[in-house]
Amino acid sequence: MSTIIAGHFQLQDEIADARLALLSAGFAPARISSFYVNPPGQHDVHQLGGDHDQSPGARESDEGVVQGGATGAVAGAVVGAATIPITGPVGPVVGALVGAHVGSLYSLHKMKEAGEPDEDGSNVQPPRKAGMMIAVATDEPADADRALDLLRRLGAREIERAEGQISGGDWRDFNPNSLPERV
């Protein structure tokens, strides 16, 4: 694994200039990678689309639906039983069904509020921004510092540090969903 220093640029011409500057500074062409990062949610990680199996804020909603549905069904059956003289034997059944439906809405309170941290902290730090990136793999701390300084002087934004592999100009283990370590 190498230390990778990467930065965002607005224009493709800026990426080309950064590549030339990195090459002039002695970095090997095969250890430089430039690419476009899609916006969050458009990384095509899953067959049906999106980046995650389910929305991060809805992780506990299944539990809430079951709890609310069961509680609502019991409460609805009790209310329906009280209406037997008017509705007949159908009252408890209808009451249980209506109660289960209304109770399942209980799951809405189990969802995360905007800005509320997840257990793993994945929604505390903003995800990686979309746009053009250039990255360079380094093996020595001094080289990482040189690359960092060079990208800063060139005006790179959202500069980050990662561990990974760049070979043949391709950052093979890049994960667009990982949380970037900003520098």
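User: Is Trp-171 buried or exposed?

Analyst: Residues are classed by relative accessible area, where buried means under 20%, exposed over 50% and partly exposed in between, with a 1.4 Å probe and protein chains only. Trp-171 has a relative accessibility of 7% and therefore counts as buried. Bear in mind that this is a predicted model, in which local features need pLDDT of at least 70 and side-chain atom pairs count only at pLDDT 80 or more, while totals for chains, interfaces and linings use all residues. Residues are numbered from 1 along each chain as its sequence is written, and side-chain values use heavy atoms, with hydrogens and water left out.

User: How many aromatic pairs does a search of the whole structure find?

Analyst: A pair of aromatic rings is described by the distance of the centres and the angle of the planes. Rings of Phe, Tyr and Trp (its six-membered ring) pair if their centres lie within 6.5 Å, and planes under 30 degrees apart count as stacked, over 60 as edge-to-face and the rest as tilted. By that rule, searching the whole structure gives three aromatic pairs. One of them joins Phe-35 and Trp-171 in an edge-to-face arrangement, with 6.0 Å centre to centre and 75° between the planes. Phe-35 belongs to strand β2 (residues 32-37) and Trp-171 to strand β6 (residues 170-171), so this pair ties together parts that are 136 residues apart in sequence. Strands here are DSSP runs of E with at least two residues, and helices are runs of H or I with at least four, numbered from the N terminus.

User: Which aromatic pair is formed by Phe-35 and Phe-174, and what is its geometry?

Analyst: Phe-35 and Phe-174 make a tilted pair, at 4.9 Å centre to centre and 55° between the planes. Since Phe-35 lies in strand β2 and Phe-174 in the loop between β6 and β7 (181-182), the pair ties together parts that are 139 residues apart in sequence. Ring pairs thus link Phe-35, Trp-171 and Phe-174 into a cluster, and Phe-35, with a relative accessible area of 17%, is itself buried.

User: What does Thr-138 contact beyond its neighbours within four places in sequence?

Analyst: Contact means heavy atoms within 4.5 Å. Thr-138, which lies in strand β3 (residues 131-138), contacts Ser-2, Thr-3, Phe-27, Arg-31, Asp-143, Ala-144 and Ala-147 once those neighbours are left aside. With 2% relative accessibility, Thr-138 counts as buried.

User: How many helices and strands are there in the protein?

Analyst: The protein has five helices and seven strands, and 32% of its 183 residues count as buried.
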